[in-house]
Every structure is written in C-alpha cells, then in structure tokens.
Amino acid sequence: MKENISISLFEQLQDRFDELGLKSETQFKGMQYAKPLTYWDYIQTDALLSLQIQRTIVPDEMVFIMYHQVNELLFKMVLWEINQVSNCVDEQLTIELFKEKINRISRYFDMLTSSFAIMKDGMSKDQYLQFRNTLAPASGFQSSQYRLIEFACTDWRNLIDKRFIDKLKENISEKEALEYLYWQAAGKDYQTGEKSYLLKAFEDKYCEIFVKAMKDYEKTNLWQKFVMLPEEARSDKELIEAMRHLDKTINVTWVLGHYHTAEKYLDDDVKGVQEATGGSDWKKYMLPQYQKRIFFPELWSKEEIDNWGLV
C-alpha cells in the first residue's frame with residue numbers, strides 16, 4: 001500500500017511538471033539537493049526583525065515603529081482580501097465568498113482598532129513627546145496602503161471633501177479629483193490653500209499609483225462588486241449587515257480609536273492642543289462627524305448619516 005501511494009504521488013508530480021512545461025527529471029534531481037524548509041527562512045524572520053531602526057535613543061520609539069509596521073502588514077492583508085473580490089469574475093463571486101471576504105476584512109480592522117491600546121496605554125507620554133519632533137514632517141497620513149484600501153472599497157467620489165462635492169466639473173479626471181479628496185485638508189493651509197511639504201512629498205511619490213488605483217477600482221471596488229450581484233444577493237440581510245459593519249468599523253470605530261490615542265498625547269491641559277507631526281489640525285481631520293466619510297452611503301438611512309460618528 002505504501003509503495004502504491006508513492007508511485008501515485010510520483011505520477012501526480014510528473015503530471016504537474018508536464019502541465020507547467022517543465023522537465024520532470026530535472027525537477028526531481030533538483031529536489032535531491034534542496035534544503036529542508038525552516039520557519040525562519042519561510043517567514044524571513046531575520047529580514048523582518050532588521051527593519052526597526054530608531055532615530056532617537058528614547059526606548060518607546062521602538063514600540064511606535066513596530067506598532068506602525070504591524071499596521072502596514074495588516075493593511076496589506078486587507079488589500080489582499082479586497083483584491084480577491086475585485087479580481088473575481090462576476091459569475092464566480094458567490095454571496096458566500098463575498099460575505100467571507102468582507103468579514104475577514106472587518107476582523108483585520110477590529111484587530112487594528114483594539115490594538116490602539118498598545119499605543120494609548122503602552123507608551124510613556126513623556127517619552128513620546130521626546131521623540132515625536134524627530135519624526136516631523138512624517139505622518140501616518142502618508143500611509144499609501146490605507147489610501148489604496150479606500151479606493152478599493154468605494155467609488156472615489158465618496159472620498160471627496162464635502163465642501164467641494166457639488167462644485168466638481170462633470171468630466172473631472174482622476175488626477176484632478178485627487179486635489180479634492182478629503183485627506184487633502186490635512187496637508188493644506190486653510191487660508192492660502194498652499195500644500196505642506198508633507199502633502200507634496202506624499203503626492204510626488206504616490207500620485208501616479210493613486211490615479212491608477214482610482215481607474216483600476218472604478219468598476220471593481222467593493223461597492224461596485226456588490227451592486228453587480230444578483231438582486232437576491234443584494235437583499236441578503238447578512239451581507240448587508242457585513243457591509244455596514246465594515247463601513248462603520250473602518251470609518252468610525254477605527255478612526256475614533258486613532259483619535260482618542262492622539263488625544264492622550266497631543267491634548268494637554270497645560271500646553272494646550274499640540275499639532276500633529278505633519279502639521280494638520282488633527283481634531284477636525286480625524287473626527288468622523290466632520291468629514292462623514294462613508295463607503296456605502298446607500299446602505300444607511302438619512303438619520304444614520306446625519307449622526308455619523310456620534311457615538
């Protein structure tokens with residue numbers, strides 16, 4: 001029996017190599033000299049743990065760095081799940097698959113929200129205020145993956161600053177629309193409209209990537225994939241609730257978690273409200289009731305939208 005299984009596996013491997021157009025004899029010879037896989041090689045542990053480089057001698061800066069690197073890894077996981085939906089042929093996108101991916105993304109953001117306790121309660125305020133000025137003008141605002149998540153979730157018009165939504169010309173291009181996205185407010189002088197170095201550097205590096213994403217996700221973002229589902233699927237209560245949970249988790253719960261963490265370090269009874277390292281008015285920029293950023297507004301009532309972020 002054992003010998004038959006070995007022959008069967010051998011034949012399956014040969015068939016697989018044939019499918020790939022590879023010479024099976026060469027592949028089998030190569031296997032003779034391959035090293036057994038180890039955990040540290042597979043995860044690339046040494047490389048991963050070499051990426052934390054402090055700019056100061058303040059111990060808690062290491063917590064700050066590692067925390068944000070973990071955030072970026074989770075953002076990558078979110079994009080990985082969204083893109084499986086975006087790239088799925090409509091006929092193959094079942095309601096079960098859609099719900100599974102939406103719930104996975106929500107769990108990642110639930111984890112991101114709860115993880116703010118690491119920042120809020122896991123760093124010394126005195127130490128944070130010692131090293132934070134060495135980070136300027138860098139800011140979490142400059143997370144390109146977070147911006148890509150937004151483009152991948154909703155129509156980019158839902159990301160337009162509410163002050164300008166009714167003033168956009170009809171055939172505005174994606175590159176022109178970038179100038180009116182809500183996060184521009186965090187990088188512009190309200191009086192002059194002049195862009196800060198924070199915003200200029202961010203756009204210089206990622207402008208073309210963002211324009212491409214806006215175009216790529218125009219018909220494949222999560223909302224567009226939802227409206228392309230059969231009517232029966234669009235009426236599924238569990239799917240609708242999953243979409244609503246995702247919307248609120250990203251645009252209210254997670255944002256408020258970020259806000260309350262910033263509040264601890266930047267809102268001082270003695271010194272007053274400190275500006276963010278990027279120079280933004282972080283209170284107005286971060287509080288969800290100001291921007292009312294909503295990915296799936298069609299799934300919320302007028303009353304819910306009017307009270308968005310008021311929890």
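Predicted model: local features only at pLDDT ≥ 70, side-chain atom pairs only at ≥ 80, totals over all residues.
I will start with the core. The largest nonpolar core has 78 residues. Among those with the most contacts inside it are F98, W183 and M243. Several helices each supply at least two residues of this core, including helix 5 (61–86), helix 6 (95–114) and helix 11 (197–216). Helix 14 gives the most, with 13 residues.

Take F98 as an example. Leaving out residues up to four places away in sequence, F98 touches V85, L93, L222, K225, F226, L229, L239 and M243.

Next, Y128, which lies in helix 8. Is Y128 buried or exposed? Y128 has a relative accessible area of 10%, which is under 20%, so Y128 counts as buried. Its contacts beyond four places in sequence are F64, M123, Y265 and L266. Y128 and Y265 are 137 residues apart along the chain, yet their C-alpha atoms are separated by 7.6 Å.

Now the salt bridges. The count comes to 20. One of them joins D236 and K99, at 3.6 Å from N to O. D236 lies in the loop between helix 13 (231–234) and helix 14, and K99 in helix 6, so this pair ties together parts that are 137 residues apart in sequence. K99 also meets E238 in a salt bridge, at 3.0 Å. That pair links helix 6 with helix 14, across 139 residues. K99 is buried, at 16% relative accessible area, while E238 is exposed, at 56%.

A local case is E19 with R16, 3.3 Å apart at the closest N and O atoms. Both lie in helix 1, 3 residues apart, about one turn of the helix.

Technical notes:
Residues numbered from 1 in each chain as written. Heavy atoms only, no water. Core = buried A, V, L, I, M, F, W, Y, C linked by side-chain atoms within 4.5 Å. Buried < 20%, exposed > 50% of the residue type's maximum accessible area, 1.4 Å probe, protein only. Helix = DSSP H or I, 4+ residues; strand = E, 2+ residues; numbered from the N terminus. Contact = heavy atoms within 4.5 Å. Salt bridge = Lys/Arg side-chain N within 4 Å of Asp/Glu carboxyl O.
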